[in-house]
Amino acid sequence: MRQAFKIEGTPPKYRAFTLQTFQKIPQIARLSKEEKFAIKVVGNVLPFRVNNYVIEELIDWDNYQDDPIFTLTFPQKGMLIPTHFNQMATLLKQGASSQVIHKTANAIRMQLNPHPAGQIEHNVPQVDGIKLTGVQHKYRETVLFFPSQGQTCHAYCSFCFRWPQFVGIDELKFAMKETQLLIKYLRQHPEVTDILFTGGDPMIMRTKAFASYIEPILQANLPNIKTIRIGTKSLSYWPYRFLTDSDADAMLDLFKRIVDSGIHLAIMAHFNHPRELQTHALEAAVERIRSTGAQIRTQSPILAHINDDAKTWATMWQQQVNLGMIPYYMFIVRDTGAQHFFGIPLVRAWEIFRDAYKQVSGICRTVRGPSASAKPGKIQILGVTQVAGKKVIAMRFIQGRNPNWVHRPFFGEYDDKAIWPTELSPAFGEKQFFFEQDEKQMLVDKQTATTA
Ligand SMILES: *Cc1c(COP(=O)(O)O)cnc(C)c1O
Ligand code: SF4
């Protein structure tokens, strides 16, 4: 059976650093005064949290300014537009009260589209007239579940679109304590086959807490539920979760129980750069998870300053496959938070995807993308092409609010600057895209159903 993970000396103990404590990180002494100040300015608006594994095993401090993992976890000046940066910088220099800083931070956050893709208004289901605020049901087969105890992460990604959940402005935080309501909902919706545990990061929970969500679901023995997915960045940010944490073995046993119950367990692992795949701890954690019978599928957005070149993606997919993981999605950075810093044009994302895809064998080509999780659905950029002498962008839905929209190619006017599908106009003089009328009607119907 499973081998115990052996580590020389004492097992590493998780230690987080935040805006309040980052100056205690020894390597921070290498930063200039301006860089440290920028961390404070941006960290007051966007979430910031890093830990000892990321600092000691992932970041190359000799080259921190260009280091992808440093950029991934440490706030940088460019992540706020100059007016917002200066607004906060001025307050900090004046020694403004925490109340004033907080108020300004919230005002800036409200300008960063904190709830992209209509997440709050449109995807919250109901059971017996009760809103399931910790659940989102957008695509027929899959329900997202945000357990209230899993709304944080082992470190924070500077591009995170879930950022309002971490910075305390989110009154409608998608979270709920009640697994029972979810089970009831799943009974009433036999079309649902997948439950996706997400957050934050559900693997931040102690095994006992996580089991308190999983066990009732297993006991309910829902015939429609075929797959449990766990969206997590823990393999990248704290692989010791599956190795040496005091309840690591218990978590793996729980995974095994899920698999033994006949449910497919898919760990949806989030990796942004090959660097995250290269530590012994990661390798051992993947091996232990796979020994439970769980599959690991991988996904990441394509990010300027971190992974916006084809070689990085090709390497990432190959290394993932070598480790026994299955490449799943390449996403386009959402229209929220620091999109202006991380976003790249759709056309460029497609070029990088294609260039990486053609370098790898079919075994890696399970990956799909680049895909934008927009309001109507997951829109894949199929690429730039010519139709009757006209240059256009071909797209299709990988997932749609209406399942009927899926895999029907459609065309947008060529635009090499657009970074989000809503910036594209329909090609060939069409007034709207084929799904738009239907989408409007669906949202109206939903509104009526909720207010009735
Ligand atoms: C991506 C996503 C899913 C899962 O879609 P799959 O294509 O089945 O992986 C479910 N719900 C939402 C809201 C999503 O964005
Ligand atoms: S791990 Fe996911 S939820 Fe957590 S900060 Fe990163 S992107 Fe956001």
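This is a predicted model: local features need pLDDT of at least 70, side-chain atom pairs count only at pLDDT 80 or more; totals for chains, interfaces and linings use all residues.
Residues are numbered from 1 along each chain as its sequence is written, and side-chain values use heavy atoms, with hydrogens and water left out.

A search of the whole structure turns up 33 aromatic pairs, where rings of Phe, Tyr and Trp (its six-membered ring) pair if their centres lie within 6.5 Å; planes under 30 degrees apart count as stacked, over 60 as edge-to-face and the rest as tilted. F48 and F74 are a tilted pair, because their ring centres are 5.4 Å apart and their planes stand at 50°. This pair ties together distant parts of the chain, 26 residues apart: F48 belongs to the loop between α1 and β2 (49–51), and F74 to the loop between α3 (68–73) and α4. Helices (H or I, at least four residues) and strands (E, at least two) are DSSP runs, numbered from the N terminus. F48 has a relative accessible area of 6% and is buried, and F74 is buried too, at 0%; buried means under 20% relative accessible area, exposed over 50% and partly exposed in between (1.4 Å probe, protein chains only).

The charged end of R49 sits over the ring of Y156, 5.8 Å from its centre, and K233 lies over the face of Y237 at 4.8 Å from the ring centre.

Then there is helix α4, which runs over residues 82–94. Its 13 residues reach 18 Å from first C-alpha to last, close to the 18 Å expected at 1.5 Å a residue (1.5 Å times one less than the number of residues). H84, F85, M88, A89 and L91 are buried in α4. They sit on the same side of the helix, because they cover an arc of only 160° around the axis, taken from the directions from the helix axis to the C-beta atoms. The buried residues of α4 pack against α1 (33–43) and α5 (98–110), with contact meaning heavy atoms within 4.5 Å. Exposed P82, T83, K93 and Q94 are carried on the face turned away from the buried side of α4. Just after α4, G95 adopts a positive phi of about 65°.

Conventions: Chains are lettered from A and ligands numbered from 1 in the order in which they are written. A charge sits over a ring if NZ of Lys or CZ of Arg is within 6 Å of the ring centre and within 35 degrees of the ring normal.
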